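Dear colleague,

Please find below the structure that I am handing over to you. My notes on it follow directly after.

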Amino acid sequence: FPIGAGVVYEFVEDTDLLEPQQLEPGKLYAMVVSDRYGLRRYQTDDLFLCKRKINGLPDLAFARRRSLEYSFTGEKLTAEQLSAVFDQLRALYSSLLADRFLTCVPSQPPHALPHYKVLLVGDARNSGSHHLLAIHCDELLSEINCEYKSKRASGRLGPVTFVEVPRQDFPSQFKFL
């Protein structure tokens, strides 16, 4: 667990704010970092498991993210929204998306609009459908997130693109559900 100079580490359990020495083995905690005066606070949304205590200090292991949210221009696209859109796409394009993993990553090319890429991980299929998938994904995201719709309409955010990625080329640290 890296300790930064001038950084205060606190942890949240339910609604309680705890100092590191107050953590108990076997419990999950969300980390909050702030400057030494508490004037700037950042809720990381990372969950840590306190595995044990060593000399009164917690031995922490990263467990998972509590939530996931992207935002280039204020659209605040959440993991829940993406899951809902992916579910709808899977229902509409079941044969094309069967046995494939979908994930979304932000993309900000140097000379183009920021946009989101949806990675289709698995065996290659009809890549001619990517444009149709992208259009439909954009429409569904616009229906579920008014800020996304506004940023797309204003031209501040580019359209979604779909990219095929063979499973063997995908980073191994990802966990497939």
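The buried residues of helix α3 are H130, L133, A134, C137, D138, L140, L141 and S142, where buried means under 20% relative accessible area, exposed over 50% and partly exposed in between, using a 1.4 Å probe and protein chains only. These residues pack against β7 (77-78), α1 (79-92), α2 (94-97), β9 (115-121), α4 and β10 (161-165). Helices (H or I, at least four residues) and strands (E, at least two) are DSSP runs, numbered from the N terminus. Helix α3 covers residues 130-144, and its end C-alpha atoms are 21 Å apart, which agrees with the 21 Å that its 15 residues should span at 1.5 Å a residue. The expected span is 1.5 Å times one less than the number of residues in the helix.

Please note that this is a predicted model, in which local features need pLDDT of at least 70 and side-chain atom pairs count only at pLDDT 80 or more, while totals for chains, interfaces and linings use all residues. Residues are numbered from 1 along each chain as its sequence is written, and side-chain values use heavy atoms, with hydrogens and water left out.

I turn next to the charged pairs. Side chains of opposite charge can pair when their charged atoms come close. A salt bridge is taken as a side-chain nitrogen of Lys or Arg within 4 Å of a carboxyl oxygen of Asp or Glu, and by this rule the count comes to six salt bridges.

One of them joins E24 and K27, with 3.4 Å from N to O. Both partners are partly exposed, E24 at a relative accessible area of 42% and K27 at 30%. A network of salt bridges links E13, E24 and K27. E13 lies in strand β1 (residues 7-13) and is buried, at 19% relative accessibility. Leaving aside neighbours within four places in sequence, E13 is in contact (heavy atoms within 4.5 Å) with L18, K27 and Y29.

Another salt bridge is formed by D59 and R52, whose closest N and O atoms are 2.8 Å apart. R52 belongs to strand β4 (residues 41-54) and is partly exposed, with a relative accessible area of 47%. If residues up to four places away in sequence are not counted, R52 touches P25, L57, P58 and D59. The C-alpha atoms of R52 and L23 are separated by 9.2 Å, although these two residues are 29 residues apart along the chain.

A further salt bridge brings together the side chains of E147 and K151, again with an N to O distance of 3.4 Å. Both residues lie in helix α4 (residues 146-154), four residues apart, which is about one turn of the helix. E147 is partly exposed, with a relative accessible area of 34%, whereas K151 is buried at 11%.

Finally, which backbone angle of D14 and K76 deserves a look? Phi is positive in each, at about 55 degrees in D14, which is not a glycine, and near 45 degrees in K76, likewise a residue other than glycine. D14 sits in the loop between β1 and β2 (16-18) and is exposed, with a relative accessible area of 72%. K76 is found in the loop between β6 (69-70) and β7 and counts as partly exposed at 46% relative accessibility.

With kind regards
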